[in-house]
Amino acid sequence: VGIYSSLLTAWLRRFEVDAADADDLIQDVMLTVSRELPKFEHSGQVGSFRSWIRTILVNRVRDYWRSRKY
């Protein structure tokens, strides 16, 4: 969490997510990472773990924006 929280925060700023909501999204992303980590398979490419985390973040942000529209 300590290593990736600042990175996730920076990514969320680009999506223009409110600061209060960003904390909740980071928590949700980290929960998903901890739950899905045993299934993660490293491709051998540099940055594949970060890419995987970013994919999780993007999916959570999509859910966030969908929920805000209604």
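This note goes through the helices, their packing and a few individual residues of a predicted model.

1. Basis. Because the model is predicted, local features need pLDDT of at least 70 and side-chain atom pairs count only at pLDDT 80 or more, while totals for chains, interfaces and linings use all residues. Residues are numbered from 1 along each chain as its sequence is written, and side-chain values use heavy atoms, with hydrogens and water left out.

2. Core. The largest nonpolar core has 18 residues. Such a core is a set of buried Ala, Val, Leu, Ile, Met, Phe, Trp, Tyr and Cys residues joined through side-chain atoms within 4.5 Å. Buried means under 20% relative accessible area, exposed over 50%, and partly exposed in between (1.4 Å probe, protein chains only). Leu8, Leu12, Val29, Ile53 and Leu57 have the most contacts inside the core. Two or more residues each come from helix H1 (5–14), helix H2 (19–36) and helix H3 (48–69). Helices (H or I, at least four residues) are DSSP runs, as are strands (E, at least two), and they are numbered from the N terminus.

3. Leu57. Not counting residues up to four places away in sequence, Leu57 touches Leu8, Trp11, Leu12, Phe15 and Val29. Contact here means heavy atoms within 4.5 Å.

4. H1 against H2. The axes of these two helices come within 10 Å and cross at roughly 125°, which makes H1 oblique to H2. Axes are lines fitted to C-alpha atoms, for helices over the stretch in contact, and angles run from 0 to 180 degrees between N-to-C directions. Angles under 35 degrees count as roughly parallel, over 145 as roughly antiparallel, 65 to 115 as roughly perpendicular and the rest as oblique. Ser5, Leu8, Thr9 and Leu12 of H1 meet Ala22, Leu25, Ile26, Val29 and Met30 of H2. The crossing of H1 and H2 is right-handed. A crossing has this hand if the near helix is turned clockwise from the far one by less than a right angle, and is left-handed if anticlockwise.

5. H1 against H3. Here the axes come within 11 Å and cross at roughly 45°, so H1 is oblique to H3. On the H1 side the contact uses Leu7, Leu8, Trp11 and Leu12, and on the H3 side Arg50, Ile53, Arg54, Leu57 and Val61. The crossing of H1 and H3 is right-handed.

6. H2 against H3. The axes of H2 and H3 come within 10 Å, crossing at roughly 130°, and the two helices are therefore oblique to each other. From H2 the contact involves Asp21, Leu25, Asp28, Val29, Thr32, Val33 and Glu36; from H3 it involves Phe49, Trp52, Ile53, Ile56, Leu57, Arg60, Val61, Tyr64 and Arg68. H2 passes H3 in a right-handed crossing.

7. Thr32 and Asp28. Thr32 lies in helix H2 and is buried, with a relative accessible area of 5%. A polar atom of the Thr32 side chain lies 3.0 Å from the backbone oxygen of Asp28. Beyond residues up to four places away in sequence, Thr32 touches Ile56 and Arg60. Asp28, also found in helix H2, counts as partly exposed at 30% relative accessibility.

8. Asp21. This residue is found in helix H2. The Asp21 side chain makes a polar contact with the side chain of Arg68 (3.4 Å). A polar contact is a pair of N or O atoms within 3.5 Å; within protein, one must be able to donate a hydrogen and the other to accept it, and residues adjacent in sequence count only if both atoms are side-chain atoms. Neighbours within four places in sequence aside, Asp21 is in contact with Tyr64 and Arg68.

9. Phe49. This residue is found in helix H3 and counts as partly exposed, at 21% relative accessibility. Leaving aside neighbours within four places in sequence, Phe49 is in contact with Tyr4, Val33, Leu37, Phe40 and His42. The C-alpha atoms of Phe49 and Trp65, 16 residues apart along the chain, are separated by 25 Å.

10. Glu16. Glu16 is found in the loop between H1 and H2 and counts as exposed, at 65% relative accessibility. Phi of Glu16 is near 55°, a positive value in a residue other than glycine. Most residues other than glycine have a negative phi.
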